[in-house]
Amino acid sequence: MPPVLSSKSAVLIDGDGRIVYSENADLRLPMASTTKIMTALVALDFFDPQKIVSITPDAVGTEGSSAYLTAYEKIPLIDLLYALMLQSANDAAIAIAVAVGGDLPTFVDMMNKKASDLGLENTHFMNPHGLYEDGHYTSAYDLAVIMNSAMHNEIFAKIVSTKKYVSEPECGLKRYFTNHNRLLWRLDGCIGGKTGFTKKTGRCLVSVTDNDGLVLVAVTLSAPNDWADHEKLHAFGKSRYVKRVLAEKGQYTVDVAVENSDQKKVTLVNRDCCEIWLPAGTSFRYVYECDRFIYAPASSDKSEGKVVFLAEDNAYLADIPLYPETNVEIEVKKKKNLFKIISDFFEKILSLFRGAI
């Protein structure tokens, strides 16, 4: 049974972007500090996380959650990102935006460009922190796509999975950050997320779980009981998937012709197993993708094709490489000995002589 939620809008997608559950998932709503997912993603796209940032005065004293930055402190970007994602520090958001974009409007343009690159149709940013502004909105679905994309960045994924962090810059104050995402402590498999709240937006939450390779991204917007909503969403998602074995080792073979060799054909075979999570009831098919022939020499350690697995709607699922069962050697040309060469020469002379008579 689908979960009963408190949210105005919600979505659950898997790591491949498939929608598992949705309710008003395309509704445009303000998203509070979940905005900072995009802020961090853009910063990591364009800026060295180890680079030192000098805190400008305009970042100091920003309204709302704060890391209590002071003007002209010098702090590595990575520490500001921890402040942004764990402490939800609005002053860190401004400091990051100015450092990366040069100024606030330019950075916001970069955020909107990234949203466009991701194909999002219901997202527009006005600031890097999520404090309420007209024209600053997203949808549950778009926010899930942003988070799913961000989780492919190893640095981002490490940050949002961290429960506590200590910032100790050489030219700044020592600070302690604790992750506001309670699900890291209370939800099995939780590997990240982001909280958000203002009086106008209500409670907003993004969470990610990974249970034995099954990645699920949940988003709720304007959800009074968001922690419980996310526990329900992830439980529902896990109930909808089964782990399927697509390939055992050596299960798939195909013969291909060989050129430039005494060996006329070779068998290609898979050496890897393939096991993935699929929605229950999903059927799949496979196709071989390889050339009709290969040229010698060919090594048994080099892939010469692959098996591609497709869902019933032709959506890509996975692929595994195919290797020659044996090495394929180049054709050996037989060398003639000296006696044979001389014999053939005189035979040709005699043939010419006979033809002249």
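Helices (H or I, at least four residues) and strands (E, at least two) are the DSSP runs, numbered from the N terminus, and these labels are used at each stop below. The model is predicted, so local features are taken at pLDDT of at least 70 and side-chain atom pairs count only at pLDDT 80 or more, while totals for chains, interfaces and linings use all residues. Residues are numbered from 1 along each chain as its sequence is written, and side-chain values use heavy atoms, with hydrogens and water left out.

**The cavity**

Rolling a probe the size of a water molecule over the atoms shows where empty space is left. A cavity here is a set of points, on a 1 Å grid over the protein atoms alone, where a 1.4 Å probe fits but cannot get out, and its lining residues have an atom within 4 Å of a point. Grid points are joined across faces, edges and corners, and a volume is the space filled by probe spheres set on the points. The count comes to one cavity of 30 Å³ or more, and the largest cavity holds about 40 Å³ of space.

Select Ala 67, Leu 69, Ile 75, Asp 79, Leu 80, Ala 83, Ser 167, Arg 175 and Phe 177 to display the lining of the largest cavity. Helix H2 (77-85) and strand E6 (175-178) each supply at least two residues of this lining, and H2 gives the most, with three residues. With Ala, Val, Leu, Ile, Met, Phe, Trp, Tyr, Cys and Pro counted as nonpolar, Asp, Glu, Lys and Arg as charged, and the others, Gly among them, as polar, the lining divides into six nonpolar, one polar and two charged residues.

Next select residues 202-211, which form strand E8; eight of its ten residues are buried, that is, under 20% relative accessible area with a 1.4 Å probe and protein chains only. Strand E7 (residues 190-198) pairs with E8 in the antiparallel sense over eight bridges, where pairing requires that DSSP finds at least two bridges between the strands. Gly 192 stands opposite Val 208 in E8, and a hairpin joins E7 to E8 through three residues.

Moving on to strand E9 (residues 214-221), E8 pairs with E9 in the antiparallel sense over seven bridges, and Asn 211 has Leu 214 in E9 as its bridge partner. The hairpin of E8 and E9 has two residues between the strands, and there Asp 212 takes a positive phi near 55 degrees.

**Cys 204**

Finally, select Cys 204, which is buried, with a relative accessible area of 1%. A disulfide is a pair of cysteine sulfur atoms within 2.5 Å, and by this rule the count comes to zero disulfides. Cys 204 is in no disulfide, and the nearest cysteine sulfur, that of Cys 190, is 17 Å away.

Terms used:
Buried < 20%, exposed > 50% of the residue type's maximum accessible area, 1.4 Å probe, protein only. 1 Å grid on protein atoms, 1.4 Å probe; cavity = no way out; pocket = protein on both sides within 12 Å on 5 of 7 lines; lining within 4 Å.
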